[in-house]
Amino acid sequence: MTTQVLSSSPADIERAGALLRAGELVAIPTETVYGLAADACNSQAVAKIFVAKGRPQDNPLIVHIAQWEQLATLVEHIPPAAQKLADVYWPGPLTMILKKTDRIPPIVSGGLPTVAVRLPAHPVARAIIQAAGCPLAAPSANLSGSPSPTTAAHVLADLQGRIAAVVDGGHCGVGLESTVVDLTREPPRLLRPGGITAEWLRELLPDLVIDPAVTANLAEGQRPASPGMKYKHYAPKARVILVRGNRGQFADYVNRHAGQGVVALCFDGEEQDLQVPAVTYGPRDNPEQQAHRLFEALRQLDEIGAETVYAACPDVQGLGLAVYNRLLRAAAFQVVTLM
Ligand code: TXA
Ligand code: MG
């Protein structure tokens, strides 16, 4: 199959909608990362997502809608917490887990009685959902295990020839996947940090619990609340070690470990302290930039043939928690603490 590259013109959005209605896979831009979309109500179409990505079947998908009214047909009940969150953060980078109806086939929910739903803010994403005329199941449009795509070129690098089309909508704004909140539990639980921070959510849901798997590795045999959290993720081919320390401590540590294939992933301007090649991912004090650039930086590490990567650890406040969560998984939970 040749993957068509479509623009975000009205004619191309209509083409994307027609492909989706015909049960094909189309990668679409969203404000978080590119998603690999299929008609969420068509099990055969959704099955193709798992094949194209090499995704484990028990890892459920997020269903994307274009209007609040679509939610009622997909979930059994809209709890007051969902209404509250949607009033403030939809459309936007927030996914809610709710009890599903039979309209959601088991392949979408990984056999769970719940479904993850998101109303994206990206105008092209919403236009494509409208054109398709159905809710769209869409995981990130990368091969399973590799960094999520934030440009159409990243999508093609992973999935060219495996999907019908990609709609090029430029760079994704946020750069990390949506915040995932489970509202089927009491108290509500943050399963994945993202563009809507835990601090903001707590203003509306004061009893929100942060799932332990957000910042720690699960013990052998423990079952994660979100199946996706048990897999190694976002990983470049290199071995990544996350190094927690200030600018001077980081530079000392990296320079002591300089050698063949060693590369640093560091903050802007700090590469000048280092005696190894470096890829930067934003200023130390700017988590928005870090989120925006992290996945591209992880892909660059592969392009330059990095074998061992020492990554400067971000601050974990606000959006920094999401950046930290992704880096921790890229590092397979290997952290060196210097402070
Ligand atoms: O920003 C995003 O969320 C992007 C764009 C395309 O919308 N999508 C995305 O999908 O990141 P994916 O499949 O890469 O991540 C979905 C996460 C996984 O960790 C999955 O396990 C979790 O959401 N998830 C989905 N349905 C769930 C459910 N019913 N219960 C618990 N976790 C669920
Ligand atoms: Mg993903």
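**Overall dimensions and a parallel sheet in the predicted model**

For a chain of 339 residues, a compact globule would have a radius of gyration near 20 Å, and the chain agrees with this at 20 Å; the radius is taken over C-alpha atoms, and the globule rule is 2.2 Å times the number of residues to the power 0.38. The structure is a predicted model, in which local features need pLDDT of at least 70 and side-chain atom pairs count only at pLDDT 80 or more, while totals for chains, interfaces and linings use all residues. Residues are numbered from 1 along each chain as its sequence is written, chains are lettered from A and ligands numbered from 1 in the order in which they are written, and side-chain values use heavy atoms, with hydrogens and water left out.

The C-alpha trace spans about 60 × 50 × 35 Å along its principal axes. The accessible surface of the chain is about 13500 Å², with 50% belonging to carbon and sulfur atoms (Shrake-Rupley method, 1.4 Å probe; for residues, only the protein chains shown count as cover). Of the 339 residues, 56% count as buried (under 20% relative accessible area; exposed is over 50%, partly exposed in between; 1.4 Å probe, protein chains only). Among contacts (heavy atoms within 4.5 Å) with a separation of 6 or more, 67% involve residues 24 or more positions apart.

The chain contains 11 helices and 16 strands, defined as DSSP runs numbered from the N terminus (helices H or I, at least four residues; strands E, at least two). Five of the strands form an open sheet with parallel pairing, in the order β14-β13-β15-β12-β16; two strands pair if DSSP finds at least two bridges between them. Strands β14 (278-280) and β16 (335-337) are at the edges with a single partner strand each, so one side of each has no neighbour in the sheet. From one strand to the next the twist averages 25° (axes are lines fitted to C-alpha atoms, for helices over the stretch in contact; angles run from 0 to 180 degrees between N-to-C directions).

Strands β13 (residues 262-266) and β15 (residues 308-312) run parallel and are joined by four bridges. Ala264 has Tyr310 in β15 as its bridge partner. Helix α9 (residues 247-256) packs on the sheet, where it touches β12 (239-244), β13, β15 and β16, and its direction makes about 170° with that of β15. Helix α11 (residues 320-330) lies across β12, β13, β15 and β16 and runs at about 135° to β12.

Within edge strand β14, Val279 is buried, with a relative accessible area of 5%. Excluding residues up to four places away in sequence, Val279 touches Val263, Ala264, Leu265, Cys266, Ala297, Gln300, Leu301 and Ile304. Val279 and Ala297 are 18 residues apart in sequence, with a C-alpha to C-alpha distance of 6.4 Å.
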